[in-house]
Amino acid sequence: MSEPIIELHELTKKYGKFTAVDHINLSVQKGEIFGILGPNGAGKSTTILMMLGLTDPTSGTVQVCRINSTRNPIQVREKVGYLPEDVGFYDDMTGIENLLYTARLNRIPEANARTKAEELLERVGLPVDTQKKAGKYSRGMRQRLGLADVLIKQPEVIILDEPTSGIDPAGVQEFMDLIRQLREENGLTVLFSSHHLDQVQQICDRVGLFGGGKLLAEVNVNELQNEEHGLENMYNRYFGGGKSHE
Amino acid sequence: MNKIQSPFWVIVRKEVADHVRSWKFIILIAIIALTCMGSLYTALTNIGAAIKPNDPDGSFLFLKLFTVSDGTLPSFVIFINFLGPLLGIALGFDAINSEQSKGTLSRILSQPIHRDYLINAKFVGALIVIGSMLLTLALLVMGFGLIAIGIPPTAEEFLRIIAFVVVSIIYVAFWLNLSIFFSIKFKQAATSALACVAVWLFFSVFYNMIINLVGKAISPSAMASAYQVISYQKFMLNLLRFAPSMLFNEATTTLLMPSVRSLGPLTMEQVHGAIPSPLPLGQSLMVVWPQLTGLIAATVICFALSYGSFMRKEIRSR
């Protein structure tokens, strides 16, 4: 494989006595879709926040695009798009206005931003010329707008934190197809955090199993593809049977 | 527009636009404009009676527009003293927690901007709105007054009014910062609004009562020496000065009534031989300098507190 684009080295985050993330070592290659799989409270979100420099690690280092996220968070955030869990928008602005605001925060010139925003709205399957305020959007539409919002800064890496929670199954399928397309067309690296085993299995190249703040295993999905229920067995081995489908 | 704006001013612009379009601001500006027009009306109807012969403030007729009242409606200054906190609270109480509950906070902070841009822009945006509003109101009052009484303000009167506007902006900025601080500390916008209103009510209603109680308990006996009485008076006054509205009140009355020479008790000895004449602006400013510093310090402390707690806040999605 090519060069690693995300590198975690002995990354640890403690809240008082509680260890949320416990000495994680991980590297993600360029162009990969890497899944972070684990139950709630496994330390997935905290790890993501540290990658973005939104919270400081207690010890260890994070490098994204060869930049230290803790020391130079601004430069990292120029290259990384982050879609938080249950993303929110300014309710009294339309979808495109929200996108343009993000574009301005990323210092994208106004003229480019508008064409780019329209292009992206079309891409994620939202109506372009509408006066509909973002406050009236359904959960699924918000999530699509969130994806457009992440892409407007033309990132090298996108980090999606539970992007499919609260969307209906058909919507989830479209969303996943979209992510796969993006990877193929733009060569994006995608970090996909989820607790849905089937979604991770369907889309990711490699999966990291998180539990109790530790990286329990790294799995290559293609290799497991040959075995029936390969990842599922693995998941069950770590987190107990029967919980794999929520 | 081809120039690329700095992200900081992008946020400020959005904040200002949000405030100006919001209903709470429209309602507040309506209330404040109406009350100011009301106080201007009472001032204009009573301005003739307010001028007495040998009044040292007589040559500052224009300033009376802001301070005169016949008792039916309070004067412009009293209104700003009372409604200014409400304005500051209204613009700040949901600054951060509403972004958090809408889920926009983590999205905005994951953009390539410094974290303090957001909090600074929230403060600057609201301050621009407050500043332009108070300046407009003061200029409107001056304009109407000019038409009604037909005497233009002198340069010194104009400067005094501008100084009054600046003090008002600092005063409202104090309440703005306090409410921004509460908006970081409390997750619910309603809680932070209530906390702000509680502080405001405490200082505007209960604080005086408590001071009166304390005053009764420690008042010197009728046999006390003059020195004791004076030190008691000074102590009480200093206690009152912990309330920001008291500082504002002292600062503005001194600025708008040039004959005010001291804000503390004066002995007959000190007053003896003094000619009751107005002070020049520089001297008035000297009199209220401690009050001004106090107000600015309180504002800065509140901002520092909110800045500190925002920078250390952990940003999670809603």
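A salt bridge is taken here as a side-chain nitrogen of Lys or Arg within 4 Å of a carboxyl oxygen of Asp or Glu. By this criterion, 1 salt bridge is counted between chain B and chain A of the structure, which is a predicted model. The pair consists of B:Arg107 and A:Asp149, whose closest N and O atoms are 3.0 Å apart. On the side of chain B that touches chain A, helix H1 (7–21), helix H5 (97–102) and helix H6 (105–109) of chain B each supply at least two residues. The most is given by H1(B), with 5 residues.

The size of an interface is often given as the accessible area lost when the parts come together. Between chain B and chain A, about 2,800 Å² is buried, and 55% of this area lies on carbon and sulfur atoms. The contact involves 33 residues from chain A and 27 residues from chain B. Polar contacts between chain B and chain A amount to 11 residue pairs, counted where both residues are at pLDDT 80 or more.

Over all chains, a search of the whole structure finds 18 salt bridges. One of them joins A:Glu162 and A:Lys44, with the closest N and O atoms 3.2 Å apart. A:Glu162 is placed in the loop between strand S7 (157–161) and helix H6 (169–186) of chain A, and A:Lys44 in helix H1 (residues 44–51) of chain A, so the pair ties together parts that are 118 residues apart in sequence. Both A:Glu162 and A:Lys44 are buried.

A further salt bridge in chain A is formed by A:Asp205 and A:Arg183, for which the closest N and O atoms are 2.8 Å apart. This pair links distant parts of the chain, 22 residues apart: A:Asp205 lies in the loop between helix H7 (197–203) and strand S9 (206–211) of chain A, and A:Arg183 in helix H6 of chain A. A:Asp205 has a relative accessible area of 17% and is therefore buried, the cut-off being under 20%. A:Arg183 also counts as buried, at 17% relative accessibility. Elsewhere in chain A, a network of salt bridges links A:Glu32, A:Arg206 and A:Glu218.

In chain B, B:Lys14 and B:Asp18 form a salt bridge with the closest N and O atoms 2.5 Å apart. Both residues belong to helix H1 of chain B and are separated by 4 residues, about one turn of the helix. B:Lys14 counts as buried because its relative accessibility is 7%, whereas B:Asp18, at 21% relative accessibility, counts as partly exposed.

B:Glu250 is located in helix H11 (residues 244–256) of chain B. Its relative accessible area is 6%, so B:Glu250 is buried. The side chains of B:Glu250 and B:Gln291 are joined by a polar contact of 2.4 Å. When residues up to four places away in sequence are not counted, B:Glu250 touches B:Leu237, B:Arg241, B:Leu263, B:Val288 and B:Gln291.

A nonpolar patch on the surface is formed by B:Leu201, B:Phe202, B:Val205, B:Phe206, B:Met209, B:Ile210, B:Val214, B:Ile218 and B:Phe235, which together have about 730 Å² of accessible area. Helix H9 (residues 189–218) of chain B contributes the largest share of the patch, 8 residues. B:Phe235 lies in helix H10 (residues 226–240) of chain B and counts as partly exposed, with a relative accessibility of 42%.

Backbone geometry was examined in chain A. Most residues other than glycine have a negative phi, and most peptide bonds are trans. For A:His23, phi is near 45°, a positive value in a residue other than glycine. A:His23 is in strand S2 (residues 18–29) of chain A and, at 44% relative accessibility, counts as partly exposed. A:Gln154 likewise has a positive phi, near 50°. This residue, A:Gln154, is found in the loop between helix H5 (139–151) and S7 of chain A. With a relative accessible area of 58%, A:Gln154 is exposed.

A:Pro109 occupies the loop between helix H3 (95–105) and helix H4 (110–123) of chain A. A:Pro109 is partly exposed, its relative accessible area being 29%. The C-alpha to C-alpha distance between A:Pro109 and A:Lys17 is 47 Å, and the two are 92 residues apart in sequence.

How values were computed
Residues are numbered from 1 along each chain as its sequence is written. Chains are lettered from A and ligands numbered from 1 in the order in which they are written. This is a predicted model: local features need pLDDT of at least 70, side-chain atom pairs count only at pLDDT 80 or more; totals for chains, interfaces and linings use all residues. Side-chain values use heavy atoms; hydrogens and water are left out. Buried means under 20% relative accessible area, exposed over 50%, partly exposed in between (1.4 Å probe, protein chains only). A polar contact is a pair of N or O atoms within 3.5 Å; within protein, one must be able to donate a hydrogen and the other to accept it, and residues adjacent in sequence count only if both atoms are side-chain atoms. Contact means heavy atoms within 4.5 Å. Patches are made of residues with over 30% relative accessible area and no salt bridge: like charges are joined within 9 Å, nonpolar side chains (Val, Leu, Ile, Met, Phe, Trp, Tyr) within 5 Å. Accessible areas come from the Shrake-Rupley method with a 1.4 Å probe; for residues, only the protein chains shown count as cover. Buried area is the accessible area (1.4 Å probe) that two parts lose on being put together, summed over both.
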